[in-house]
Amino acid sequence: MSGRRMKAGVALTGFIVALGLATACVIGAVLSFGALDPTPGRPQAEATVLPSGKPTATAAPKSTVAATHPAPMPTMAAATPEPPPVLNKGAAENHPPPPGAPAPPPVAVGDCVSQVPSGAPVQKAGCDSTSARYKVTGQSAHCAADADRTVPVPLPGGGSDNLCMDYNWVTGSCVTMSGNTPNPTDCATPGRLRVVQIRGNTTDVDSCTPAERGFVYNQRHYVVCVTKY
């Protein structure tokens, strides 16, 4: 009886030893299979034990990386053009005369003219030149009665006006006489008259003390004093 118990004990011990060895082999196989992938951070294959007792590796899931697209570049908006400046609508504008309207006179009050041709525009001249015969003293429908010359001029839109002119008297200048009409001339011309004084607010020729004679403008009350040189 003691011999049977001894045999049973030896058989049990051998079975336990064999089972331990088999378990150790399985664990060693699993550990060695997991060590095959040296890449750090990469998921390793899982070991599956088949019924036959041999471990089989299952492929690790593949990681998918989304394609990276560059961010779109910002687009530059076109600059908004500045609005054109608005003119002052209240400002008066110089409108040209309508077609066919008479042109305005080529001279203004204070200008001098060299001649007054019949039926033609007057000719402007420098007041300090010897060709300046008349000086424009006004523009009106009715000139002063003592004006030396009156020239009608048409107005835009119809009608007419008058240029009122006197002789171009300049103190220190010289004239020659053609009847009662003075003509500007160079002071070296023989027989000339020199304008020595223009006296206002009087019609008295005797006020021209150093002069021989005077041209009197009775309505506008002034005297042009001249003397012979």
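Arg199 is partly exposed, with a relative accessible area of 32%; buried stands for under 20% relative accessible area, exposed for over 50%, and partly exposed for values in between, with a 1.4 Å probe and protein chains only. The structure is a predicted model, in which local features need pLDDT of at least 70, side-chain atom pairs count only at pLDDT 80 or more, and totals for chains, interfaces and linings use all residues. Residues are numbered from 1 along each chain as its sequence is written, and side-chain values use heavy atoms, with hydrogens and water left out.

Arg199 belongs to strand β10, residues 193-200. Strands (E, at least two residues) and helices (H or I, at least four residues) are DSSP runs numbered from the N terminus. Leaving aside neighbours within four places in sequence, Arg199 is in contact (heavy atoms within 4.5 Å) with Ser207, Cys208, Tyr222, Val223 and Cys225. For Cys225, the C-alpha to C-alpha distance from Arg199 is 7.6 Å, at 26 residues apart in sequence.

With Ser207, the side chain of Arg199 makes a polar contact, side chain to side chain, at 3.4 Å. A polar contact is a pair of N or O atoms within 3.5 Å; within protein, one must be able to donate a hydrogen and the other to accept it, and residues adjacent in sequence count only if both atoms are side-chain atoms.

## Val216 in strand β11

Val216 is found in strand β11, residues 213-217, and is partly exposed at 30% relative accessibility. Not counting residues up to four places away in sequence, Val216 touches Thr203, Val205, Tyr222 and Val223. Tyr222 and Val223 are also among the contacts of Arg199. Thr202 and Val216 are 14 residues apart along the chain, with 8.7 Å between their C-alpha atoms.

## Asp111 between β2 and β3

Asp111 sits in the loop between β2 (55-58) and β3 (112-115). Its relative accessibility is 18%, so Asp111 counts as buried. The side chain of Asp111 reaches the backbone nitrogen of Ala108 at 2.8 Å. Beyond four places in sequence, Asp111 touches Lys124, Cys127, Tyr134, Lys135 and Val136.

The elements giving two or more residues to the lining are β8 (174-178) and β9 (181-185), and β9 gives the most, with four residues.

β8 and β9 pair in the antiparallel sense over five bridges; pairing requires at least two DSSP bridges between two strands. Thr176 stands opposite Asn183 in β9. The hairpin has two residues between its strands, and Gly179 takes a positive phi near 70° there.

## The chain as a whole

The chain has one helix and 12 strands. Of its 229 residues, 20% count as buried. Among contacts with a separation of 6 or more, 40% are between residues 24 or more positions apart.
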